[in-house]
Amino acid sequence: MMLRFAAPIVAAALALPATAMDLTELSDAERAQFRAEVRAYLMENPEVIMEAVDALREKEANAQAQADVDLVSVNADAIFDDGYSWVGGNPDGDITLVEFLDYRCGYCKKAHDEVAKLLEKDGNIRLIVKEFPILGDQSVLASRFAVAVKQVAGDDSYKAMNDALMAFRGDVTLASLRRMASTFGLDMDAIEAVMDSDAVTQEIAQTRALAQRLQITGTPTFVMKDELLRGYLPYDQMQALLDEKRG
């Protein structure tokens, strides 16, 4: 195997499937020479490595995107029509945006204003909020409070508490939640009575189980039509994705 033929031979070899060249058929000397030529070629053309890395990343991203589409399809009823999650925006909107959130998550707080802006300017989005407390006891306490408010005082009060909890920057304690409820004229005694109830526990547990099936490990996570969006997205990117889904 002449060295002057190394580059085209190596380039062709790299482009072939693994089964197309059986190195076991080469002698030890030929195998050593081939490896040396591969190394020499890559050292002279390091951009080939980056091209291969980029191709691998694109392949993995496409595979993950397709896997997410499949996960959304299999779990569609639990995502879009679970019968207990708060539904806002335009209930008759042409597209549904689902958000898994944690009230102690800084990016959720940042995303909250972006989503509100999106709903206001678009006017044709159905929003579903999934309580997904994953950042400790204060997160769980905040979600139990929010779900209890919904069950006791209704959807409008839940929306008010959702906004208030997202704007809140202190420690989440029963004392701070009592002050919040009092500000909005809510019956905190009635709310506290159900915060640790089986009904509240079951709602949060069902959302946790759904998140596990969807392989969601962080907040915020969004579902937009058939796509999982993992992490914070600014307003412009979310609007562009909406336009793409509609288009």
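**Notes on the sheet**

1. Strands β1 and β3 pair in the antiparallel sense over four bridges, where pairing requires that DSSP finds at least two bridges between two strands, and where strands are DSSP runs (E, at least two residues) and helices likewise (H or I, at least four), numbered from the N terminus. Within this pairing, Gly88 has Leu127 of β3 as its bridge partner.

2. The model is a predicted one, in which local features need pLDDT of at least 70 and side-chain atom pairs count only at pLDDT 80 or more, whereas totals for chains, interfaces and linings use all residues. Residues are numbered from 1 along each chain as its sequence is written, and side-chain values use heavy atoms, with hydrogens and water left out.

3. Five strands make up an open sheet of mixed pairing, in the order β1-β3-β2-β4-β5, and its edge strands, β1 (86-89) and β5 (227-230), each pair on one side only.

4. Strand β2 (residues 95-101) runs parallel to β3 and is joined to it by seven bridges, with Phe100 standing opposite Lys130 in β3.

5. Because seven of the seven residues of strand β3 (residues 125-131) are buried, this strand is largely enclosed by the rest of the structure; buried here means under 20% relative accessible area (1.4 Å probe, protein chains only).

6. Strand β4 (residues 221-224) pairs with β5 in the antiparallel sense over four bridges, and Thr221 has Arg230 as its bridge partner in β5.

Note on methods: Buried < 20%, exposed > 50% of the residue type's maximum accessible area, 1.4 Å probe, protein only.
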